[in-house]
Amino acid sequence: MMKLISKQPSKRIFSGIQPTGNLHLGNYLGAIKNWVNLQEEISSIFSIVDLHAITVPQNPLKLKASTREVTAAIIAAGINTEKSILFNQSSVKEHSELAWILNCVCRIGWLNRMTQFKEKAGKNRENATVGLYSYPVLMSADILLYRATHVPVGEDQKQHIELARNIATSFNSMFDSKSKDFFCLPEPQILGPGTRVMSLRDGTKKMSKSDPSDASRINLTDTKDDIFNKIKKAKTDSNPLPATIKELEKRPEASNLLKIYSSLSDEDLQKTLDSFAGKGFSYFKPKLIELAVEILNPISSEMRYLLKDPVEIDKILVKGKGKAQKIAEKVLKDIKNLVGLIH
């Protein structure tokens, strides 16, 4: 059996976030907040996935600024770069190298089933880039390069984790014929009631930085006044707040605001309902505003402080790159040996 130099960790998480600017409450509750909690108990690797960002056209200067902004947001939210590894994806060349190897393992039929490509390409499918089509393979490379066991993701990314599992299984079968287990099968982690935060203007649509209305989202850079005004004007209905989760099913705006409160307060959704059942939004919204300001204002303030020194942010990313590359180099060497590549 071929001697391997990398070791499969008992538990390790990898997760990434695109540097497309305007990080919002959905990014915080759906990803970053969970990262902060997970780093206390699990070996954690987090990446600003700038190679994913360029699957659609980007302004080069804005991309660099956004990468620093997202780094600042992650640190301001509580990621400890002494405990966790934080780096920008493109700085570790092994991501791209492994993506090509996995492109030669992945099947076209698997990629044809990826719903996000269909959504993003829309009617212009023939004009979409190969990068947009194959970026789920790069995402698989991001995960498998560190032999991650768990991946914190939103509900809409579960399909991509399934692809990573399919690629890992296929690779093991093709190249690791003796042990069949070089890659473990990563498990998606979908945590908390705020994993899918919806628009403040339409509770049936996901909160998005691409929404033309800034009032649809709470940005992590928003001031106290911004947060106050956006929640105050958030769409609601005329009924009192319900007592059970089942009653929320046909009330998307009420459901969204209550889930936001629940996630910000780290309490079970039913407990939040118990606190506000029978109350009107005129009572609930001020409570939500108070909580949102308490949690988010310190993050936005720290972000602004960190962004005053972009050189220091770059130093943090370089330090993280060094830690990530130590792991990535060993894993890729093993992969090249298994595939039969001389290096």
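Which residues in α3 and α13 meet each other? In this predicted model, T67, R68, T71, A72 and I75 of α3 meet P310, I313, D314, I316 and L317 of α13.

**α3 and α13**
- Helix α13 spans residues 310–339, and its axis comes within 10 Å of the axis of α3.
- The two axes cross at roughly 75 degrees, so α3 is roughly perpendicular to α13, as angles from 65 to 115 degrees count as such.
- The contact of α3 with α13 holds six nonpolar, two polar and two charged residues.

**α3 and α12**
- Helix α12 covers residues 281–306, and the axes of α3 and α12 come within 8 Å.
- Their crossing angle is roughly 130 degrees, which means that α3 is oblique to α12.
- The crossing of α3 and α12 is right-handed.
- On the α3 side the contact is made by E69, A72, A73, I75, A76 and A77, and on the α12 side by I299, E302, M303 and L306.
- Eight of these contact residues are nonpolar, none is polar and two are charged.
- A72 and I75 of α3 belong to the contact with α12 and also to the contact with α13.

**α7 and α8**
- Helix α8 runs over residues 158–175, and its axis and that of α7 come within 9 Å and cross at roughly 70 degrees.
- The angle therefore makes α7 roughly perpendicular to α8.
- The crossing of α7 and α8 is right-handed.
- From α7, the residues Y135, P136, V137, M139, S140, I143 and L144 meet H160, I161, L163, A164, I167 and A168 from α8.
- By class, the contact of α7 with α8 has 11 nonpolar residues, two polar and no charged ones.

**The largest pocket**
- The largest pocket contains about 1400 Å³ of space.
- It is lined by 48 residues, of which Q18, K120, D156, Q157 and K206 are the closest to the centre.
- At least two lining residues come from each of the helices α1 (25–38), α2 (50–53), α3 (60–77), α6 (115–121) and α7 (130–144).
- The strands β1 (12–17) and β4 (150–152) each supply at least two residues of the lining as well.
- The lining divides into 19 nonpolar, 21 polar and eight charged residues.

Methods. Residues numbered from 1 in each chain as written. Predicted model: local features only at pLDDT ≥ 70, side-chain atom pairs only at ≥ 80, totals over all residues. Heavy atoms only, no water. 1 Å grid on protein atoms, 1.4 Å probe; cavity = no way out; pocket = protein on both sides within 12 Å on 5 of 7 lines; lining within 4 Å. Points joined across faces, edges and corners; volume = space filled by probe spheres on them. Helix = DSSP H or I, 4+ residues; strand = E, 2+ residues; numbered from the N terminus. Nonpolar A, V, L, I, M, F, W, Y, C, P; charged D, E, K, R; others polar. Axes fitted to C-alpha atoms, helices over the stretch in contact; angles between N-to-C directions. Parallel < 35°, antiparallel > 145°, perpendicular 65-115°, else oblique. Left-handed = near helix turned anticlockwise from the far one by under 90°. Contact = heavy atoms within 4.5 Å.
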